Amino acid sequence: ARLPDPAPTSQTLAAIAPQLRCGDTIVATGLSYAPIAFLVEPAGLPSCVAVTAFPPDVSTHPGWEDMRPGYIDRARAAAPDAVRRIAASRRVWVFVKRRGVASEEGKAFVDAMSQDWRLEQTLSLGGSFFNEIQVFSRRPVEQP
């Protein structure tokens, strides 16, 4: 009880809550979806902020990673489509794990986001199954 929380998901969500606005989307990659979805309301996140999982099937099997052959390749192939589904977002907050189990999904999603979105900031905030948040916004339209 005297040690700091090793996975401070609720503290991290509470810390970013004041920066979130309607139209923002949180993308929980890898195994981070279940703890984030569970703690959204208690952490005070605005109800108009969408929370989605990547890969999407994680929302139906929270707590375990699909280890079937070819899974990471399928996740990489699904990432551009997942980015298109959130195209109307104002900003996208991607919760990623940088290494270890379930880190490849975050990399695949961030790689796809980087094609049309601009990385605004990287937050070194952690929690259950994530240790970084990357915040993206739309790239400005280039003028001729």
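The model is predicted.

The protein chain has four helices and five strands. Along the sequence, these elements follow the pattern α-β-α-β-α-β-α-β-β. The chain comprises 144 residues, of which 43% are buried.

The five strands form an open sheet with mixed pairing. Their order is β2-β1-β3-β5-β4. Strands β2 and β4 are the edge strands, and each pairs on one side only. On average, neighbouring strands of the sheet are turned by 25 degrees against each other, direction ignored.

Pairing directions were examined strand by strand. In general, strands of a sheet pair through backbone hydrogen bonds, either parallel or antiparallel. Strands β1 and β2 run parallel and are joined by five bridges. Within this pair, Ile26 stands opposite Val51 of β2. Strands β3 and β5 run antiparallel, with six bridges between them. Here Val96 has Glu132 in β5 as its bridge partner. The pairing of β4 with β5 is antiparallel and holds six bridges. Arg118 stands opposite Ser137 in β5.

Burial was considered next for β5. Six of the seven residues of this strand are buried, so β5 is largely enclosed by the rest of the structure. A residue counts as buried when its relative accessible area is under 20%.

Helix α1 lies across β3, β4 and β5. Relative to β3, α1 runs at about 160 degrees. Helix α4 spans residues 104-116. Its buried residues are Glu105, Gly106, Ala108, Phe109, Val110, Ala112 and Met113. The cover over these residues includes the strands β1, β2, β3 (91-96), β4 (117-123) and β5 (132-138). Helix α3 (71-85) is also among the elements that cover them.

The structure holds one disulfide. It is formed by Cys22 and Cys48, whose sulfur atoms lie 1.9 Å apart. The pair links distant parts of the chain, 26 residues apart. Cys22 sits in the loop between α1 (9-16) and β1 (25-29). Cys48 sits in the loop between α2 (33-39) and β2 (50-54). The torsion about the S-S bond is about -85 degrees, so the disulfide is left-handed. Cys22 is exposed, with a relative accessible area of 51%. Cys48 is partly exposed, at 35%. The cut-off for the exposed class is over 50%, and the partly exposed class lies between this and the buried class.

Key:
Residues numbered from 1 in each chain as written. Predicted model: local features only at pLDDT ≥ 70, side-chain atom pairs only at ≥ 80, totals over all residues. Heavy atoms only, no water. Disulfide = S-S within 2.5 Å. Helix = DSSP H or I, 4+ residues; strand = E, 2+ residues; numbered from the N terminus. Buried < 20%, exposed > 50% of the residue type's maximum accessible area, 1.4 Å probe, protein only. Contact = heavy atoms within 4.5 Å. Pairing = 2+ DSSP bridges. Axes fitted to C-alpha atoms, helices over the stretch in contact; angles between N-to-C directions.
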